[in-house]
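Hi,

Here is the structure I promised to pass on.

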Amino acid sequence: MIKAILIFNNHGKPRLSKFYEHYSEDTEQQIIRETFHLVSKRDENVCNFLEGGMLIGGSDYRLIYRHYATLYFVFCVDSSESELGILDLIQVFVETLDKCFENVCELDLIFHVDKVHNILAEMVMGGMVLETNMNEIITQVDSQNKMEKSEQSP
Amino acid sequence: MALKIVKGSIDRMFDKNLQDLVRGIRNHKEDEAKYISTCIDEIKQELKQDNIAVKANAVCKLTYLQMLGYDVSWAAFNIVEVMSSSKFTYKVKIGLYAHVWICQEIGYISQYDTGVALTGLSCFVTPDLARDLANDIMTLMSHTKPYIRKKAVLIMYKVFLKYPESLRPAFPRLKEKLEDPDPGVQSAAVNVICELARRNPKNYLSLAPLFFKLMTSSTNNWVLIKIIKLFGALTPLEPRLGKKLIEPLTNLIHSTSAMSLLYECVNTVIAGHDVNGSPFLPPFSLALFLFLRFQLCVQKLRILIEDSDQNLKYLGLLAMSKILKTHPKSVQSHKDLILQCLDDKDESIRLRALDLLYGMVSKKNLMEIVKKLMLHVDKAEGTTYRDELLTKIIDICSQSNYQYITNFEWYISILVELTRLEGTRHGHLIASQMLDVAIRVKAIRVFAVAQMATLLDNAHLMTGNVQRKGICEVLYAAAWICGEFSEHLENPMQTLEAMLRPKVATLPGHIQAVYVQNAAKLFATLLKNQEGNTDRTAAQETSQLMIDRLPLFVQSANLEVQERASCILQLVKYIQKLQQKDVEVAEEVIALFAGELNPVAPKAQKKVPVPEGLDLDAWINEPPSESESEDEQPKAIFAKEEPKHSRARHTEVDEKELAKRREARKQEQANNPFYIKASPSSQKVYQEAPGVEHIPVVQIDLSVPLKVPGLPMSDQYVKLEEERRQKERVEKKKKEKKKRKEKRGGRGKKHDSGPESEEDITPAHMVDIVTEEMPLADSEKLPVRSHRAAEALKSPAEDGDAESPASQEPKKKSSKEKREKKKDKDGDRKVSVKNGNPTRETALWMYIYGAEIDIQGNLQDGSQVVVSVIFENKCDNFLKTMEFNVLDSLNSKLQRPEGSGPHDGLSVPFQLPPGVSNEARFVFTMQSIVMPQKLKGTLTFIIKNEDSSTHEKLDFKLHFTCSSYLITTPCYSDAFAKLLESGDLKCSSVRLEGVNMPFHHLLARICFHHHFSVVERIDSCASMYSRSIQGHHVCLLVKTSGQTVSIDAKCDEPTLLGNVLDEIKQTFSQC
């Protein structure tokens, strides 16, 4: 199960956070801060796995992250998920974002927050991976966007 | 009543549900409207009933009708009623039913609605919801659209979690979905079953053949990984499975290029191996070590990209720790590799390697490994990792009763070395190890005592630094060891002095206590040694030292220290007395601490037989009576609670007694400054505070609140003041309303055309703004104008805006200077035409500051726009009686002074002598700001020279762009994110090609011309914000790559947004 998906920039500013378990707002903020603290002090060229987020889960949980330019994508998962599989999933997520917003940028996550959540909802639902095939995800997202537009225009 | 209920339920039987409704509508194609109106009547009846289920049914139908385009707003109240019913289920059911139905009736389009409903549901499943919706979701599992099936399957897991009973009926269908033709559905089903199997693998053994088939047929890596992980959980339960798996797994390992899959295969083999014995471990452990080797021979294998090798290293180590549990030997052979990982720059990997070390030590290599670790301790930066190392060293050394330690002197010195660590939290761990070793290993005591004496001597190194607080725990052990085994000390006198240094008083209490006690032990040993000598003075000096130093501890704030110190001080004083009488005391003193403390096993107590006749459960004394104990206990400690108890327990006490007690309690409370009284009168007593009881309390009852000290009173005052203000405000408003009405009436008479609009509201705004201290200078300036007409000249004028509108728009947007120049030219030309005068003296310039169209900060209404116009007299003649007039449109009107008609011009409140310029402001009232506006206007004026005066007229056009309705408003990125999250904004976008300017120029241009502000900028991407005078939010996301600029925009008013974007586009089309 995926417990949380966090995206923040190099300065620790949260750009997107999705928790699949209930936490209070304060705890969520604290988790983001703590995760940023852990992740940001790691060099490039070290492994993408981290243990020791005290707030989220226990020993069964680990943080799997990738760093792209200005953004960190962090997935907090338990041991039922494959570490390398999740890394691939992050890659799929980012590539999907790039396809949906050409030349994707950090600010897209803020500006198109609804669309980003839609994309994420097509990939992960309630903490479980729904779809890993990028083309399938894009098809679904596109047709939803089209539908939305056709609803708006008349 | 009962009859009514029965009747209601009978009625219900004949109620239409949604399904019937839809069917009915289909069957009445010709007279649909009529049919629906009867349906609506029925629904109205249903809504009147008490039964919430009936209502919910009715609302369900309404949602469908609304979707068909019928107005159901009359039922809004009922819908809210149902929505707010305690049964949350109804809400979701309504939503879901509607979706399901829509989905089936309308088909394709709405699959996303259901999808959204399901996704939403996944976030808030409750046991109730799960129970009620389980069946519905199960139906959806066999929906025609794979998209829905996929989501329904996944959500079932959440339902199972909340409502486990649903698992049994749903399971067959779930199993069916494993063979679904759609890979997405398949993968979802595998996901769900894997999660379920994690909790209880046994129940899923029966699915093994199915998974086996899937594993050989599926090509989806994600599914394969899940299946393999599942097998990892199943193999320990079914040994035969392991053997069967070898082949497909080997195939996969050979064939796959995906490292993730490869890794999971290996991992599962390891898990399966536990039960199977060792037959196929070697090849797989080999494969596993390939991961680690990969890193070393990247060149050779050339499989891995540079950045992923660290990940594989980590995972390899992780997997190895699994092997370690069963086959430590096979891991031990890779010691060098693991030690190498300790040098890795990555903390995650180092920690993993540390874990492995634990299982790898032997008698032979322990010292070597620990030496390496000690090196790392020195090198390590960051306390977490260092602490981790420290605990690991101690763990490794102490595991299974120091099994691997051959030389305890070595271990003690390691521990002593560890005390030099900066800022560790594990001082107590080291201390307990020291104590443990010193007590249990007799042979080591001499060495240990010597080491501890050195530690005590250098105690200042540990206590000096705040950062080293944690480590001073070690002194606890050191002091105890030195005291307890003092006979081994080489120089006890020195140690005693070290223990009694004044600096010791800064240590934590429990350590001081140990110091004091062990100083006494040392003292006893010293006496014994010294009394053997002929010289008695040495012994007496020692006593004197104790007497001198101990008072420091007697004063300690720590009870334990104090108690021990005073006890021992008296003892030493007594000994000194005896010494002065030449009595030998050493033997007796040492007897105080005689006997050896031996280690006791944790379970040792069990071995002691219970003496005969001892019954531990029997009461020794009579148990105290309940009431006694309860009454006494609180009284002694918490006096405040006493009244509660007495009231609760002694209900039989008579009234008098009660009254008496109440009185006493009141008295007590009154004297208790910490008691918060309930009644208002007592509150005042409280405010007067303990020291001032003698001041007459009555005074405070005066209704003049100002004089009353204390917070609650001042609060009251504030409240009063607030009330007063509010009253005033209300009155004011009333007055204003009246005023407004009057004005409206007055105006109504005058304006025959009776243009409604904002115009007449303006005075109210003025008052509003004045009270709120908002800058409404302009509407106030309007009347001022007439007073300012002191000196003024006029001449025939020229107006830039008199040109064609097309050329005018850009002018507004271009910079001021440019505009002036242009107008200059135009002005010249026109002047000559008009007056036939060769000179340029007759020109009047009129600038309309498009860019400076000043907008009132009146955001509640946002209907006012102020246009500033500069008139400049360019001729030699006097200009006067200028009159400014604009042809009002439906949407926008020039604000004219009260009493003037809708077509009257406004006189400009000044005259212009030659060469003089002046500015006038005109207020316009706008109704809607979503569209740009063009207003035609004329300016009439009189040119006066010595002998004649001429009437002149000048036509112009005023162009209000949508950008001019925007106000530059700064916005923080958090607020910006919140705004966009709200989801109320409509999106639109434009692309600009061939824009050739630096990005920051581009942003500056948008900021300047369209009144935006930059919220955030990252590289060639920026988010911008602005706000219209009517409070519309406009958000932009500007991105550029090469010469293409793409602008995504969001706004709650699409028309406004479209126009603003058009204007932006135009701005850039000119450059």
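Below is what turned up, starting with the interface and moving on to the sheet in chain A.

A bit of housekeeping: this is a predicted model, so to speak of local features we need pLDDT of at least 70, side-chain atom pairs count only at pLDDT 80 or more, and totals for chains, interfaces and linings use all residues. Residues are numbered from 1 along each chain as its sequence is written, chains are lettered from A and ligands numbered from 1 in the order in which they are written, and side-chain values use heavy atoms, with hydrogens and water left out.

**The interface**

57 residues of chain A are in contact with 65 residues of chain B (contact means heavy atoms within 4.5 Å). The two chains bury about 5000 Å² between them, with carbon and sulfur atoms giving 57% of that (buried area is the accessible area, 1.4 Å probe, that two parts lose on being put together, summed over both). A:Phe111, A:Met125 and A:Met128 supply 15% of what chain A buries against chain B, more than any other three residues.

The rule finds eight salt bridges across this interface (a side-chain nitrogen of Lys or Arg within 4 Å of a carboxyl oxygen of Asp or Glu). A:Lys13 forms a salt bridge with B:Asp974, where the closest N and O atoms are 3.2 Å apart. On the side of chain A that touches chain B, the residues split into 22 nonpolar, 15 polar and 20 charged (Ala, Val, Leu, Ile, Met, Phe, Trp, Tyr, Cys and Pro are nonpolar, Asp, Glu, Lys and Arg charged, and the others, Gly among them, polar).

**The sheet in chain A**

Chain A has an open sheet of five strands, in the order β2-β1-β5-β4-β3, with antiparallel pairing. Strands (E, at least two residues) and helices (H or I, at least four) are DSSP runs numbered from the N terminus, and two strands pair if DSSP finds at least two bridges between them. In chain A, β2 and β3 stand at the edges with a single partner strand each, so one side of each has no neighbour in the sheet. β3(A) pairs with β4(A), residues 62-68, over two bridges in the antiparallel sense; A:Leu50 has A:Leu63 as its bridge partner in β4(A).

**One salt bridge within chain A**

A:Glu106 and A:Arg15 meet through their side chains in a salt bridge (2.7 Å, N to O). A:Glu106 is in helix α3 of chain A and A:Arg15 in strand β2 of chain A, so the pair ties together parts 91 residues apart in sequence.

Cheers
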